[in-house]
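Please look over the sequence and the model shown below before reading on. The numbered points that follow are meant to be read with the structure open beside them.

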Amino acid sequence: MTATHQETALACIEQHAIFGGRQEVWQHASAALGCDMRFGIYLPAAAVRGEPCPVLYWLSGLTCTEQNFITKAGAQAYAALHNLILVAPDTSPRGDVVANDSAYDLGQGAGFYLNATQAPWADHYRMQDYVADELPDLIEQHFPATSARAISGHSMGGHGALVTALRHPGRYHSVSAFSPIVAPTQAPWGQKAFTAYLGDDPLAWAQWDAVELIRTATERLPILVDQGLDDEFLDSQLRPDLLEAACREAGHPLTLRRQAGYDHSYYFIASFIGDHIAHHAAALKPV
């Protein structure tokens, strides 16, 4: 049984039958962010029947909402096959009272999955608290979800998935990413966002950089990354070679697949999302 608005202060604003299950979009008041938030949730047939299923969290990239993944990735067919719940939150706090910027890579749509410390962003931009704590608590309380979690994402969301898993050892069974910003402290997107959200302290930046976190990681959770070689942001923003070098130096397991001919779009994600969901499903199986 899914949640009702009366019972939980959640409002279901969208629902579609797909691959024997249901794709839904819910809205709720977020305590972490201080605004209303939306998330997409795919419930496979088993979950619709009320049977508890593990959850794969998907973090989207710059400019995206919860809609991009649920409408473009084609992930529901694979989630149905493996009896996984898929949860795709928005990428930032939203609303008239939430600080914003006219650029696409800062402010609403560009939360970077961190907890901001600088004005005016600190009042609402606590996306790490939201995706790592508040949202999983909500999903496990109000939907037929087990506490077995996996996390994945694309671009800024790939950064978010890697950092969230590395910052919370033991919380996720698996992690993967498409075209992640692996070293935001060394990339223009990350440098701009981190300066605004975190200030000028390089030690504060390092806490949100996957390459830096790999060096001191206490958990060796295997990482799966797919990167298109025709990605326009490959050399300037993404730089997977830095993650590869850091994992090699630290002895951290990494499968980095460089895919010839693929770009940064959801055409790329749709081509390999089945592999990623299978990767997570294998890790989420009960021992």
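**Notes on the predicted model**

1. Strands β1 and β2 (residues 21-30) pair in the antiparallel sense over 7 bridges, where strands (E, at least two residues) and helices (H or I, at least four residues) are DSSP runs numbered from the N terminus, and where two strands pair if DSSP finds at least two bridges between them. Within this pairing, Q15 stands opposite E24 in β2. In general, the strands of a sheet pair through backbone hydrogen bonds, either parallel or antiparallel.

2. Before going further, please note that this is a predicted model, in which local features need pLDDT of at least 70 and side-chain atom pairs count only at pLDDT 80 or more, while totals for chains, interfaces and linings use all residues. Residues are numbered from 1 along each chain as its sequence is written, and side-chain values use heavy atoms, with hydrogens and water left out.

3. The sheet as a whole is open and has 9 strands in the order β1-β2-β3-β5-β4-β6-β7-β8-β9, with mixed pairing. Because β1 (11-18) and β9 stand at the edges with a single partner strand each, one side of each is left without a neighbour in the sheet. Neighbouring strands of this sheet are turned by 20 degrees against each other on average, direction ignored, the axes being lines fitted to C-alpha atoms (for helices over the stretch in contact) and angles running from 0 to 180 degrees between N-to-C directions.

4. Helices pack against this sheet. Helix α6 (residues 156-167) touches β4 (53-59), β6 (145-153), β7 and β8, and its direction makes about 130 degrees with that of β6; contact here means heavy atoms within 4.5 Å. Helix α11 (residues 240-250) lies across β8 and β9, and runs at about 155 degrees to β9.

5. How many of the residues of strand β8 (residues 223-228) are buried? The count is 6 of its 6 residues, where buried means under 20% relative accessible area, exposed means over 50%, and partly exposed lies in between (1.4 Å probe, protein chains only). I223, V225 and Q227 point one way from β8, while L224, D226 and G228 point the other way, and all are buried.

6. Strand β8 has parallel partners on record in this model. With strand β7 (residues 174-178), β8 pairs in the parallel sense over 4 bridges, and A177 has V225 in β8 as its bridge partner. With β9, β8 again pairs in the parallel sense, over 6 bridges, and L224 stands opposite T255 in β9.

7. S176 is found in strand β7 and is buried, with a relative accessible area of 0%. The side chain of S176 makes a polar contact with the side chain of H276 (2.8 Å); a polar contact is a pair of N or O atoms within 3.5 Å, of which, within protein, one must be able to donate a hydrogen and the other to accept it, and residues adjacent in sequence count only if both atoms are side-chain atoms. Leaving aside residues up to four places away in sequence, the residues that S176 touches include I151, A161, L224, H279 and H280.

8. A search of the whole structure finds 11 salt bridges, a salt bridge being a side-chain nitrogen of Lys or Arg within 4 Å of a carboxyl oxygen of Asp or Glu. One of them joins the side chains of E24 and R22 (2.8 Å, N to O), and E24 is buried, with a relative accessible area of 0%. In another, between R49 and E51, the closest N and O atoms are 3.0 Å apart; R49 counts as exposed at 58% relative accessibility, whereas E51 is partly exposed at 37%.

9. The side chains of D275 and R257 also meet in a salt bridge (2.9 Å, N to O). Since D275 lies in helix α12 (residues 266-284) and R257 in strand β9 (residues 254-259), the pair ties together parts that are 18 residues apart in sequence. Elsewhere, E212, R215 and E249 are linked in a network of salt bridges.

10. C35 is buried at 9% relative accessibility, and C64 is buried at 7%.
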